[in-house]
Amino acid sequence: MSSTDLRGRTVVVKVPATSANLGPGFDTLGLALALYDELEVSVRDEPGATVEVTGVGEGEVPTDESNLVVRAIAHTFETVGVPLPGLRLRARNNIPHGRGMGSSGAAIVSGIMAAKGLLEGVVDLDAQQLLALANDMEGHPDNVAPALFGGLTIAWVTPDGPRFKKLIVHRGVSPLVLVPETVMSTALARSLQPQSVPHEDAVFNVSRSALLVAALIQSPELLHAATEDKLHQSYRASAMPETDRLITLLRDNGFAAVVSGAGPSILVLGSDPGQRLAAARLVEEAAETRWQPLMLAVDFKGATVARQEAAAVDVTSSDTPAA
């Protein structure tokens, strides 16, 4: 197929922030949050790509073919065997970068969803294919799964590729993300992980991960116990001491506080809106540096893509459809 067949196509994409791990669910659990990056992509006659960025990352992220969103679009086109046309991108970013809120996963998902929209009627991509494409680039599915599908996701990898299960979060769960001015490299955070952990720590996290799923979908009063972790947060604490100190303070005061993703942001899973207000006040009083409190809803829809002047298309609400 000639890339000129796509001339005149424009799509608009919206992708939520995410918080992965959620304490004990390392590389497995993820939650979509109602804070969004928005992207408009148009096919143009000239080859190559131009990127205009406003908001987070403006003046910092690449604005050519090396941009992560462009690379995700190109990866999708290459995978399905369609020549990549010339592109014009306009990105309006709200998700903080380097703070453990899934900004790189959102960029990857934005590109894949843009490609899905541009290829509508030419190549149809199902939920499983979208997840596989995102996992190819991200390397693990715990952030890209909730970005794609919304809600609480359980993600795992099989010999046939990544899989997911989407669950609807209890309406009482009230997330608070506390965002510092400092950043954290995901690669650095991962480098601090040991190659093996004590058997009792592994068993501890298995029990807490199972409990956390129950707490998030049915019993929010169990969130404090359910968010205990022995697999990753303590090993990373030295790289983000204030994050560690504030999480300890919050947990000592009864709040279900964990590192958001690779950090350094803190996720507090309140069992009601009043609880997260109290958590934000405690951090404001105790923090040595400035932390921005983001009181966010759970996003239940996930990424959407719309051909311009058309209704948005939900990716899917299913769990593990056949590829």
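Modeller: First, a term we'll need: two residues are in contact when heavy atoms of theirs lie within 4.5 Å. Keep in mind, too, that this is a predicted model. With that in hand, take the contacts between residues at least 6 apart in sequence: 74% of them join residues at least 24 apart.

Now for the core itself. The largest nonpolar core has 71 residues, and Val41, Ile73, Leu89 and Met101 are the ones with the most contacts inside it. Helix H2, residues 103-118, gives this core its largest share, 9 residues. Zoom in on Val41: setting aside neighbours within four places in sequence, its contacts include Arg9, Thr10 and Val11, then Ile73, then Leu87, Arg88 and Leu89, and also Ala114 and Leu118. As a general point, nonpolar side chains in soluble globular proteins tend to be buried together.

Stepping back to the whole protein, you'll find 10 helices and 12 strands. Of its 323 residues, 53% count as buried. The radius of gyration is 20 Å, which agrees with the value near 20 Å that a compact globule of 323 residues would have. Along the principal axes, the C-alpha trace spans about 60 × 40 × 35 Å.

Note on methods: Residues numbered from 1 in each chain as written. Predicted model: local features only at pLDDT ≥ 70, side-chain atom pairs only at ≥ 80, totals over all residues. Heavy atoms only, no water. Helix = DSSP H or I, 4+ residues; strand = E, 2+ residues; numbered from the N terminus. Rg over C-alpha atoms; globule rule 2.2 N^0.38 Å. Buried < 20%, exposed > 50% of the residue type's maximum accessible area, 1.4 Å probe, protein only. Core = buried A, V, L, I, M, F, W, Y, C linked by side-chain atoms within 4.5 Å.
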